[in-house]
Amino acid sequence: MKLNHAQSILVTQNLKLVHKVIHDKVHNPHQLGVFAYDDLFQIGCIGLCKAVVTDKGGVFSTYAYRLIWHEICSALEYASVRSVRESLMEPSEMVQPGAISELPDLGYMDLEALLDQAEMQASGVTAKGIRALRLKAKGYTSREIGLMMGVPANHVTAWIAKARAYLKSNARLRDLYAAG
């Protein structure tokens, strides 16, 4: 993103706001595993720049505070999901970008068979929601699933909600689960 001279000055004047957000919102900002304090500061500066570019008037510090915090949260969430996904992968799969890890063998119940049956019984967005739930279990975010399925992330979230309600309300699936 390219800032003009006035925007650059506004960013420079509000750099202390990034420090304030980190100190207010992040507990132990020096011990976050993936990110050091300097990393969080840089991520926060990206949020500050976005706030400067998209500001439409009003109290700038309040608007910028929210965008800085949102940017930091997004980075922390992405790092968390990525580390979970990588921890589930076999070492041979880690060198292959986009490799999908298999679900662990649950032994006492065949979750895959239950989900297969539920997906066959369901229709429309509920079936899509079950597919999305499977991808969520493998560590993908709604945004990543949306990119794979060619829809916005909020559609994926709605599909998952419908699938969860369907799975909870389906008596036959509950019986299969209890028998397994």
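Let's begin with the salt bridges: there are two of them, counting a side-chain nitrogen of Lys or Arg within 4 Å of a carboxyl oxygen of Asp or Glu. Side chains of opposite charge can pair when their charged atoms come close. A word on what you're looking at: this is a predicted model, where local features need pLDDT of at least 70 and side-chain atom pairs count only at pLDDT 80 or more, while totals for chains, interfaces and linings use all residues. Residues are numbered from 1 along each chain as its sequence is written, and side-chain values use heavy atoms, with hydrogens and water left out.

Is Glu71 buried or exposed? With a relative accessible area of 16%, Glu71 is buried, while Lys50 counts as partly exposed at 35%. Setting aside neighbours within four places in sequence, Glu71 is in contact with Ile43, Ile46, Gly47 and Lys50, contact being heavy atoms within 4.5 Å.

Ile46 turns up again at the surface. Together with Met1 and Val53, Ile46 forms a nonpolar patch with about 290 Å² of accessible area. Patches are built from residues with over 30% relative accessible area and no salt bridge, joining like charges within 9 Å and nonpolar side chains (Val, Leu, Ile, Met, Phe, Trp, Tyr) within 5 Å. Accessible areas come from the Shrake-Rupley method with a 1.4 Å probe, and for residues only the protein chains shown count as cover. Met1 lies in the segment before helix H1 (5-13) and counts as exposed, at 62% relative accessibility.

Now back to H2, which covers residues 15-25 and has Leu17, Val18, Val21 and Ile22 buried. Looking down the axis of H2, these buried residues fall within an arc of 140 degrees, so they line one face of the helix; the arc is that of the directions from the helix axis to the C-beta atoms. Turned away from that buried side is a face of H2 with the exposed residues Lys16 and His23.

How far should its 14 residues span? At 1.5 Å a residue the answer is 20 Å, and the end C-alpha atoms of H7 are 20 Å apart, which agrees; the expected span is 1.5 Å times one less than the number of residues. Buried residues in H7 include Thr126, Ile130, Leu133 and Arg134. After H7 comes Gly139, with a positive phi near 105 degrees.

Next, find Pro152 in the loop between helix H8 (142-149) and helix H9 (153-169). Pro152 is partly exposed, at a relative accessible area of 42%. From Pro152 to Ser142 is 10 residues in sequence and 8.5 Å in space, C-alpha to C-alpha.

H9 itself has 17 residues that should span 24 Å, and its end C-alpha atoms are 25 Å apart, which agrees. Its buried residues are Val156, Trp159, Ile160 and Ala163. They fall within an arc of 100 degrees seen down the axis of H9, so they line one face of the helix. What covers these buried residues includes H7 and H8, while the face of H9 turned away from them carries the exposed residues Asn154, Lys168 and Ser169.

Finally, step back to the whole chain. It has 10 helices and zero strands. Of its 180 residues, 36% are buried. Among contacts with a separation of 6 or more, 59% come from residues 24 or more positions apart. The chain exposes about 11500 Å², with carbon and sulfur atoms supplying 57% of it.

Terms used. Helix = DSSP H or I, 4+ residues; strand = E, 2+ residues; numbered from the N terminus. Buried < 20%, exposed > 50% of the residue type's maximum accessible area, 1.4 Å probe, protein only.
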